[in-house]
Amino acid sequence: MTTFDTLLNKLHSDSSTIKLGLDRVLLLDNALGCPSKAFPSIHIAGTNGKGSVATKIASVLQQSGYNTGLFTSPHIDHFSERIQINGQPITEESCAKLLKRLFDVENAHNTFATFFERTTLLALIYFANKPVDIAIIETGLGGRLDATNIILPLLSVITSISYDHTNILGNSIEEIAREKAGIIKAHTPLILGPNTPPNKLFESIAKEKKCPVSRVQERYTCYDKENQAIAKKALETLPKSFCIDDKAWSGLTDNPACRFDIHQRETLTALPKATRPKAVILDVAHNPDGLQRLFQKIAYTFPKESIVCVTSIAKGRPPEQILSFLKKHAIKIFLIENEMTSHLDDETMTKYAPQQTRDPKEIASVVADGCRLAHERNAIIVACGSCYTMHTITQALNAG
């Protein structure tokens, strides 16, 4: 096992619990020399769309010639996807070196951070050391108590508000919105997406903090167009010292992996020909609002196709609501579970997804069964769920 693997295992094993709050990350940031204040940044929160908006902004800035950092989460295939400069993930060598430094500082101060706090600090140190001209920082969960909320950005962006992580952020839209509003900083411009509450909550908080507010007013049926509009508004709000090259605006069409990624039958070469579906769509939609918007796009792009759905339901999401919605659109649901998902009772599993597994060793065969049914019915596969689910499903597809 390499030094990188050893340190990455320590990162995961020592700090898996979610502990909201800024005390630990502020203490460690200060002990590390305040990397959070070492470069200009843009802070992005929201229920859906924040990863896509972050990627679009980073792409435009990179194409305009700026050394651009990007911090997103979670990853799909490899931890290093979370921390990038100019589209290049952090190297194992750099990651190992900085993790060792971080662990040494924790030991010296007898303060031990959570997984996400460590990952955030790792990104901040990396961006500060390079250094970057600007970094786009996506929140992990909420905003007010999120580890990323120690930065002092050039502007703040809230993409959308809907129900998600209700067990942590609250059971009402207003409660969730207030948590996301925690990223609003004094005298810092605020960009709001069209699917944020129209009840002036954000505007009133921004007024108290003397923040100029720009809201994307137009409503979009296509969520990618909406994300493009939010990213464009944010870029136009940056200080005039940031100059956007005319050709760089093409970066607004860029997206992270598994955002309506379409894989046609002929590209699914790892699968036997006898089980290849017409197409596979991979998408990280995993909450009610995200799923509704995903299936709106599917209805527009594949209006006459039958759908076989392969999914899992992450902890903190409403299983009955999600499965009931999927059952309306899919001829069959194949449900997989792992340690990151909500374990459903047998009655719920049988009612909505008679084809399912709770055994990690059986996931590949369940995905294969879904592909086989889709092939037989000349249907498409819609694989949706969290980034962890996408990793599991893509591994199964690639394994054939």
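This is a predicted model: local features need pLDDT of at least 70, side-chain atom pairs count only at pLDDT 80 or more; totals for chains, interfaces and linings use all residues.

Biologist: How many helices and strands does the protein have?

Modeller: There are 14 helices and 14 strands. Of its 400 residues, 56% are buried.

Biologist: And what about the accessible surface?

Modeller: That comes to about 17500 Å², and carbon and sulfur atoms account for 50% of that area.

Biologist: Switching topic: what volume does the second largest pocket have?

Modeller: About 390 Å³. Its lining is made of 22 residues, and T55, T72, E81, Q84 and P256 are the ones nearest the centre.

Biologist: Which element gives the most to that lining?

Modeller: Helix α3 does, with 5 residues. The elements that give two or more residues are α3 (50-63) and β2 (68-71).

Biologist: OK, now L294. Where is that found?

Modeller: L294 is in helix α10, which covers residues 288-301.

Biologist: Is L294 buried or exposed, and why?

Modeller: Buried, because its relative accessibility is 0%, and the cut-off for buried is under 20%.

Biologist: So what does L294 touch, leaving out residues up to four places away in sequence?

Modeller: L294 touches Y223, F260, D283, A285, V382 and C384. Also, the C-alpha atoms of L294 and C222 are 8.9 Å apart, though 72 residues separate the two along the chain.

Biologist: And contacts across the protein?

Modeller: Among contacts between residues at least 6 apart in sequence, 72% join residues at least 24 apart.

Notes. Residues are numbered from 1 along each chain as its sequence is written. Side-chain values use heavy atoms; hydrogens and water are left out. Helices (H or I, at least four residues) and strands (E, at least two) are DSSP runs, numbered from the N terminus. Buried means under 20% relative accessible area, exposed over 50%, partly exposed in between (1.4 Å probe, protein chains only). Contact means heavy atoms within 4.5 Å. On a 1 Å grid over the protein atoms alone, a cavity is a set of points where a 1.4 Å probe fits but cannot get out, and a pocket is an open set with protein on both sides within 12 Å along at least five of seven lines; lining residues have an atom within 4 Å of a point. Grid points are joined across faces, edges and corners, and a volume is the space filled by probe spheres set on the points. Accessible areas come from the Shrake-Rupley method with a 1.4 Å probe; for residues, only the protein chains shown count as cover.
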